[in-house]
Amino acid sequence: MATNQRSLSTLLTRRGVPLWRDVKVLQGVAQVVSAAIVIGFLIFFVGNVLRAAEVRGLSLGYDFVSQSAGFNLPEMMIDYTPADSFGRAFLVGLLNTIKVAIVGVFLATILGTITALARLSSNWLVNRIASVYIEIIRNIPLLVQLFFWYFAVFNQLPPVTESIRWPGPIYLSQRGLYTVAPTATGSFGVWMAFVAAGIVAALVLRSVLLRRQMRKGQDTHYGLVAAIALIALPLAGWFLVGDAPLTTDYPVMGKFNFTGGLRLTPEFAALLCGLVIYTGTFIAEVVRAGIQAVSVGQFDAARALGLSGGQVLRLVVMPQALRIIIPPLISQYLNLTKNSSLAIAIGFADVFFVGRTIINQAGRAVPVFTMVMAVYLSASLLTSVLMNIYNKRIQLVER
Amino acid sequence: MEATTETVVKPPTFFGPVDWLRKSLFSTWFNTLLTFLSLWLLYVVLRGALTWAFTTADWAPVTNSLKLFAVGQYPLDQMWRLGVIISMICFLMGVSWRLWGGTVRTFALAMAVALGVMALMPVRMDLTLRLWFLVNPALMALGYLTGRSPAVKSQWVMLGWLLSFVATIVLLSGFKGSALLPRVATNLWGGLTLTFLLALVGIVASFPIGVLLALGRRSSLPVVKAMCVLFIELVRGVPLVTILFMASIILPLFLPDNLRIDRVLRAMTGMTLFAAAYMAENIRGGLQAIPRGQEEAAKAVGLNGFQTMALIVMPQALRAVIPAIVGQFIALFMDTTLAVIVGLVELLAIGKTVLQSRPEWLLLDTEVYLFIAAVFWVFTYSMSYASRQLEVALGVGER
């Protein structure tokens, strides 16, 4: 009897430690158990989805992508008709999301930087106005702001025949915002070659002159020379290619509507206004924090060395501030892109809106959702990759 | 020649208003220009806004639907339940004020003042409702007096808050077939009440999940860690709208047919999962801030792994992340507006309903959305103000 017990307990030990007190064994068991729980849940969920799919005749495949969509979309950058496929409709939505993200990021950066500079201004009034703007806009939900812009502003503009004309060729009406569109002519391609040459020349000149300045210690005005090259070559090209490569296409009031020109739909304009004004406050705080993080001693030391005000900012403050600004700035860009999914509330045809319409039309909730989520996840992934590359680079510069 | 008496002129310690003006508004020609530009801008904007608000604007949809904005379609004869909930919170607020002071005091005072203002509001209101508004500050005072008793301990008050949360939900929903507390279906919940409820449930329910995820992400077990990282990054990578949609459209597919959960609960599930991922990252930040020595010392004293975490590391980590959690609550409070997209009638959706309730109100979007924005702003701004105070009181930023 006694020998039996001993053999059992020796069986349950490893290197003299009972199994139930062995950390390695316990950790292994914990992992297996937690994995089993998660997998169990997954099997439960997937089983339910499959059962529901069978009972309700839902299909989980992606074959619908090539089927004819059959619905109209209010806004598109590539040709699309209801006869086109669901896949093409999704692409239209994706391009619209990218469009609003790029334009939004561009405008929000400008607005945010201006606001940050206003917040740092020694002028009390300017400073106050900027901080009131930030405190008001940050504390109101973005969706409320979007509703305001769309339903209270752009939807209540006068009909198109009584358009409000802003200074310059900008017309606001219920049909959106009409303005001048630059249009490429036949010589545009040749002119683009001049523009590219200008950029290359500017880069080469800058680096050559900068190196000479480093070597000889004389001011070579590298920035000025590069800027001249950047402007002069495209300018020369403009006259050399014959007829102007770009013409302006003015919106012309017809009988019932404008023809020509660039049109922003009310949905796009409202979404853009909301996103830019909201994200601008966050960018302003990021930029302000970055500039303030550069210690006052750096300004003083740079001035003591004899650098001018512009040089202090360009050569000493900005390189240090940018290092702090860029990572949170990129995540604000990502936030703007993710927030553009709120477009569904005001009917802008972004990727999420189109996905929702496809679900209604084709009834493929699971596959469509996977596609929509994949779009946003790849945006996040791209952002974190960029951020890692940037962080690596500034670390190399640092040491 | 007598010794020169060196007079040391003290720099003036007081600047007159003229000095202040010159220094902060007119220091350079550029600043002067900016000042005049801002003054002109302020004048145009304020004059336009004020004339509109007091002459053109028609606030009838707001003043006639205050009940809708506050509680939605909640049955009138059951409104006393909401009254009880608010009175309960006022009492607990009073006790906490006595016990903890500081930020709680600011909050309690603000609440008492707000209730007093509401009692005196010049809109149509029952006398009982006005009286009830006035009773609440008295209840708060009673709570304060109760808090002076040495028998009242901090732990009990915390437990009281937790119980009041449970009581709130029980009171709001009631029981099926009960005479005193008949069931109020969740589709009747609405307005600001639902907004608060969604945010509160989201933050409270996400807390334990967030703690587990944070611990899992720091775990040395690769399987557990991988699953937690996957969940957190997946959820953080997509916008909240997609998660809410997923919860309202796909979640029913994931569950067996006999398990039907209603719309509000589905939205709450989505919000909770979303909040949990962000909560996990906040808590992980707190855990990382705790020096390793704490853990080693706890081990040396003979505490086991669980005790070390629960008694030594976690309490310190949580204390460090309280401001971050408050910040997250504010963000979630604003994010509840997205529930309108999946068909809940929270504050923003009530705005839509009110606008469509009478034909003559159809175009009064500006008034209604401005009112909603103002309501959100008052709450979020006061909460973020309190959270900044809390941060100072806890001294979190100073370590």
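This is a predicted model: local features need pLDDT of at least 70, side-chain atom pairs count only at pLDDT 80 or more; totals for chains, interfaces and linings use all residues.
Angles under 35 degrees count as roughly parallel, over 145 as roughly antiparallel, 65 to 115 as roughly perpendicular, and the rest as oblique.

**Confidence**

For the complex, the predictor gives an ipTM of 0.88 and a pTM of 0.86.

**First pair: α9 and α14 of chain B**

Select residues 191-218 of chain B, which form helix α9, together with residues 305-335 of chain B, which form helix α14. The axes of the two helices come within 8 Å and cross at roughly 140°. By the convention above, α9(B) and α14(B) are therefore oblique to each other. The crossing in which α9(B) passes α14(B) is right-handed.

Now show side chains at the contact. From α9(B), display Ala199(B), Gly202(B) and Ile203(B); from α14(B), display Gln328(B), Phe329(B), Leu332(B) and Phe333(B). Sorted by class, this contact of α9(B) with α14(B) has five nonpolar and two polar residues, with no charged residues.

On the α11(B) side, select Leu240(B), Ile243(B), Leu244(B), Met246(B), Ala247(B), Ser248(B) and Leu251(B). They meet Arg263(B), Arg266(B), Ala267(B), Thr269(B), Gly270(B), Leu273(B) and Phe274(B) of α12(B). The contact of α11(B) with α12(B) has nine nonpolar, three polar and two charged residues.

**The domains of chain B**

Zoom out and colour chain B by domain: residues 76-180 are domain 1 and residues 184-399 are domain 2. The C-alpha centres of these two domains of chain B lie 23 Å apart. Their contact takes 11 residues from domain 1 of chain B and 10 residues from domain 2 of chain B.

To examine the domain 1 side, select α6 (103-119) and α8 (154-173) of chain B, the elements that give two or more residues to it. The largest share of that side, four residues, comes from α6(B). In composition, the side of domain 1 of chain B that touches domain 2 of chain B has five nonpolar and six polar residues, and no charged residues.

**Chain A and the interface**

Bring chain A into view and colour it by its assigned domains: domain 1 (12-56), domain 2 (86-167 + 264-398) and domain 3 (181-249). The C-alpha centres of domain 2 of chain A and domain 3 of chain A are separated by 30 Å.

Finally, select the interface between the chains, where 39 residues of chain B are in contact with 43 residues of chain A. On the chain B side, highlight α2 (29-56), α10 (222-237), α11 and α16 (365-394), the elements that give two or more residues to it. Which element of chain B gives the most to this side? α16(B) does, with 10 residues. By class, the side of chain B that touches chain A has 27 nonpolar residues, 11 polar residues and one charged residue.

Conventions
Residues are numbered from 1 along each chain as its sequence is written. Chains are lettered from A and ligands numbered from 1 in the order in which they are written. Domain bounds come from an automatic or database domain assignment. Two residues are in contact if their C-beta atoms, placed from the backbone, lie within 7 Å. Ala, Val, Leu, Ile, Met, Phe, Trp, Tyr, Cys and Pro count as nonpolar, Asp, Glu, Lys and Arg as charged, and the others, Gly among them, as polar. Axes are lines fitted to C-alpha atoms, for helices over the stretch in contact, and angles run from 0 to 180 degrees between N-to-C directions. A crossing is left-handed if the near helix is turned anticlockwise from the far one by less than a right angle, and right-handed if clockwise.
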